[in-house]
Amino acid sequence: MNFCTRTIQLGVVAVGSGGVTMFQHPSYTHLTVSFWLITGYLAVFATMFAFFVQLTMIRRTSPSRVAVLMSSEPIFAALASVLILGESLSVTAMIGGACIVAGMLWARKLT
């Protein structure tokens with residue numbers, strides 16, 4: 001998927017989500033200018049630029065490595081939530097994460 005396609009997808013989701021939010025929570029229409037500046041910054045740099053870099057770098061490595069990295073994103077997100085936000089993981093969640101990692105390593109070994 002190229003950068004232009006991803007940008008269009010993100011734009012449609014942003015407009016659709018914003019429209020639904022305005023109908024469900026009309027009080028959100030009175031947000032400050034600083035809120036919109038911060039939201040715009042996050043949309044451009046934390047989302048669009050990050051996807052651009054990710055898609056550019058994916059082309060420079062092997063498909064099996066991409067599969068391992070992309071499939072391990074939930075594991076990195078869980079680790080970040082524990083380390084940064086102080087959340088706790090249940091035993092079931094840890095076993096599930098271990099199964100995901102083991103499955104990805106196994107699949108990479110088969111290719």
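How far apart do the end C-alpha atoms of residues 33-54 lie, and what percentage of the span is helix and what percentage strand?

Modeller: Between the end C-alpha atoms of residues 33-54 there are 30 Å, and the span is 100% helix and 0% strand. Helices here are DSSP runs of H or I with at least four residues, strands are runs of E with at least two, and both are numbered from the N terminus.

This is a predicted model, in which local features need pLDDT of at least 70 and side-chain atom pairs count only at pLDDT 80 or more, while totals for chains, interfaces and linings use all residues. Residues are numbered from 1 along each chain as its sequence is written, and side-chain values use heavy atoms, with hydrogens and water left out. The predictor's confidence in each residue, pLDDT, runs from 0 to 100. Its average over the protein chain is 82, and 95% of the residues score at least 70. By element, the lowest mean, 79, belongs to helix α3 (residues 63-71), and the highest, 88, to helix α4 (residues 73-85). Where pLDDT is low, the coordinates should not be read in detail.

An unreviewed UniProt entry gives "transmembrane region" at residues 33-54, 66-85 and 91-107. UniProt positions follow the numbering used here, feature names are shortened, and annotations may be inferred rather than shown by experiment. For comparison, residues 66-85 are 95% helix and 0% strand, with their end C-alpha atoms 27 Å apart. The unreviewed entry also has "domain: EamA" over residues 30-106; that stretch is 83% helix and 0% strand, and its ends lie 52 Å apart, C-alpha to C-alpha.

Now the aromatic side chains. The structure holds two aromatic pairs; rings of Phe, Tyr and Trp (its six-membered ring) pair if their centres lie within 6.5 Å, and planes under 30 degrees apart count as stacked, over 60 as edge-to-face and the rest as tilted. Phe 35 and Trp 36 have ring centres 5.0 Å apart and planes at 75°, so this pair is edge-to-face. Tyr 41 and Phe 45 have ring centres 5.1 Å apart and planes at 40°, so this pair is tilted. Both Tyr 41 and Phe 45 lie in helix α2, four residues apart, about one turn of the helix.

For accessibility, buried means under 20% relative accessible area, exposed over 50%, and partly exposed in between (1.4 Å probe, protein chains only). Phe 35 is partly exposed at 36%, and Trp 36 is partly exposed at 45%. Tyr 41, at 52%, counts as exposed, whereas Phe 45, at 47%, counts as partly exposed. Of the 111 residues of the protein chain, 8% count as buried.

Helix α2 covers residues 33-58, and Ser 62 sits in the loop between α2 and α3. Ser 62 is partly exposed, with 30% relative accessibility. Its C-alpha atom is 20 Å from that of Ala 50, 12 residues away along the chain.

The C-alpha atoms fill a box of roughly 55 × 35 × 25 Å along the principal axes. Of the contacts (heavy atoms within 4.5 Å) with a separation of 6 or more, 62% join residues 24 or more positions apart.
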